[in-house]
Amino acid sequence: MPSDSSPDTSAIPPVDPGADIPAPERREQAVRAAVERGVVGPEAPVAGLLDTVGIRASAAALRAAFDAVTPPGTPVLHAFAVKATPLVPVLRLLYAHGVGAEVASPGELALARAAGVPPAHTVLDSPAKTPAELREALALGIAVNADNPQELARIDALVGPAVPASPVGLRVNPQIGGGAIGALSTATATSKFGVALRDPGARDWVVRAFLDRPWLTRLHTHSGSQGLPLELMARGVAAAYELAEEINAAAGRRQVDTVDIGGGLPVDFTSDAQSPTYADYARLLKQEVPGLLDGRYGLVTEFGRSLLAKHGTVLARVEYAKTSGARPIAVTHAGVQIATRTVYVPEAWPLRLAAYDAKGLPKPGPPVAQDVAGPACFAGDLLAENRLLPLLAQGDHVAVLDTGAYAMAAHYAYNSLVRAGIHGFATGSDGVRFSVVRPPQTLAEIVTESGGAHPDALL
Ligand SMILES: *Cc1c(COP(=O)(O)O)cnc(C)c1O
């Protein structure tokens, strides 16, 4: 691993005074201020709010957790999985707090570069890299994890007899099994990711692939996202470590110098608790895979959801309140476009909702079972069915909690709904400060993105 890949954390600003205010209280303050100042209102009926104090605290907790289980000087690169929250200001904030970027498409790489994340703090994964993407990454010196033998052959052709400037690794699938959510389990027997280690002949092929390529110096594994027990994640990391030891023994030198353990720390979507913590996971790894953390190996982590989910709140106005078949329904501006997984697979992705009144204050009143619906034109566009909340009325607001990752920034373009604006907020002694992270999409942009420049194309 290049010596400059551990960010210089000496320049990291001290934690904001807002960190003394508990996260739920920061959220209440932000919701109220957003309504008072028209960040959300009749003209902007839905917006995303990102708690910068919380994001900083999570970045610090991640760094501290791995610092606590590795000897000083161990190279550790924490790379945020950009797909979780693909926003340039978020990537820059994280980088300022010692967290680089894991990218998995040309678009994500462009965002990381726009945020000023340097190549030595960037890792390229993804199962379908084109030759052009590989060439660019290798030219920039970005770490690349090859997914499969064909991709390794492409890298061979690009590298030729030279030694690549990029650290190059190979993704392996330890086939340890799946978690609670099939679509997010990447270490099943038949997962599409990486080289399936337990397939006949695969392990020998991997060892040989390393011996044939002295510049192949990393192993990468990512066992899944949300729904995997920590013990299973640790087992996947242990499998990668054991393979690294086997390769190094066969090579007679420390050829594999870095293990990329992926991300996947699950998030508690049922409460404000941050559980499990990075410290929990790091301690478990120390116990289960001590050799990986004794300073002989550099580490890369690729957490996404656990860094951002808790720090995002979508706030939406209740446009109408009605009843249908005696069921109260609040029709809001937050639906499938900002919580796509929740709407399509509600049993796997339930989200907490909070009710606020027209002034942005917590809505009083006894809980009433009601549906909270989004703006899209299909019956399933519901954020919650039969949810117990104070009865929502026209002009009230609904907050959709824990939507900082894989939600507010992962817009779904159904019904040509505009991408909601996203605002950062910081709470401190001087109240709540907002900053525009992403303005709401304009109608002109929607027209342009929908073939507006080519109206006669099909005549
Ligand atoms: C999605 C992904 C991650 C991040 O997973 P989280 O569950 O968001 O932490 C990390 N690495 C790879 C390769 C991924 O595909």
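# Ligand site, cavities and backbone exceptions

Of the 15 residues around the ligand, those that come nearest are Lys 83, Ser 225, Glu 302, Arg 305 and Tyr 406, where a residue counts as near a molecule if one of its heavy atoms lies within 4 Å of it. This is a predicted model, in which local features need pLDDT of at least 70 and side-chain atom pairs count only at pLDDT 80 or more, while totals for chains, interfaces and linings use all residues. Residues are numbered from 1 along each chain as its sequence is written, and side-chain values use heavy atoms, with hydrogens and water left out.

**Ligand and its contacts**

- The shell around the ligand divides into 3 nonpolar, 6 polar and 6 charged residues; here Ala, Val, Leu, Ile, Met, Phe, Trp, Tyr, Cys and Pro count as nonpolar, Asp, Glu, Lys and Arg as charged, and the others, Gly among them, as polar.
- An N or O atom in the side chain of Lys 83 is 2.8 Å from an oxygen atom of the ligand, and a polar backbone atom of Arg 305 is likewise 2.8 Å from an oxygen atom of the ligand.
- A nitrogen atom of the ligand lies 2.7 Å from a polar side-chain atom of Glu 302.
- On its own the ligand has 390 Å² of accessible area, of which the protein covers 94%, with areas taken from the Shrake-Rupley method with a 1.4 Å probe.

**Largest pocket**

- The ligand takes up the space of the largest pocket, in the sense that more than half of its atoms lie within 2 Å of the grid points of that pocket.
- On a 1 Å grid over the protein atoms alone, a pocket is an open set of points with protein on both sides within 12 Å along at least five of seven lines, a cavity is a set where a 1.4 Å probe fits but cannot get out, and lining residues have an atom within 4 Å of a point.
- The largest pocket holds about 460 Å³ of space, and of the 30 residues that line it, Lys 83, Thr 186, Phe 193, His 222 and Ser 225 are the closest to its centre.
- Its lining has 9 nonpolar, 13 polar and 8 charged residues.

**Cavities**

- There are 5 cavities of 30 Å³ or more in the structure, and the largest cavity has a volume of about 140 Å³, a volume being the space filled by probe spheres set on the points.
- The largest cavity is lined by 14 residues, with Thr 342, Trp 349, Ala 405, Tyr 406 and Ala 407 nearest its centre, and its lining comprises 8 nonpolar, 3 polar and 3 charged residues.
- The second largest cavity, with a volume of about 60 Å³, is lined by residues including Ala 23, Arg 27, Asp 51, His 311 and Phe 425.
- By class, the lining of the second largest cavity has 3 nonpolar, 3 polar and 3 charged residues.

**Backbone exceptions**

- Most residues other than glycine have a negative phi, and most peptide bonds are trans.
- The peptide bond from Ser 275 to Pro 276 is cis, with omega near -5°.
- Ser 126 is not a glycine, although it has a positive phi of about 100°.

Notes. A polar contact is a pair of N or O atoms within 3.5 Å; within protein, one must be able to donate a hydrogen and the other to accept it, and residues adjacent in sequence count only if both atoms are side-chain atoms.
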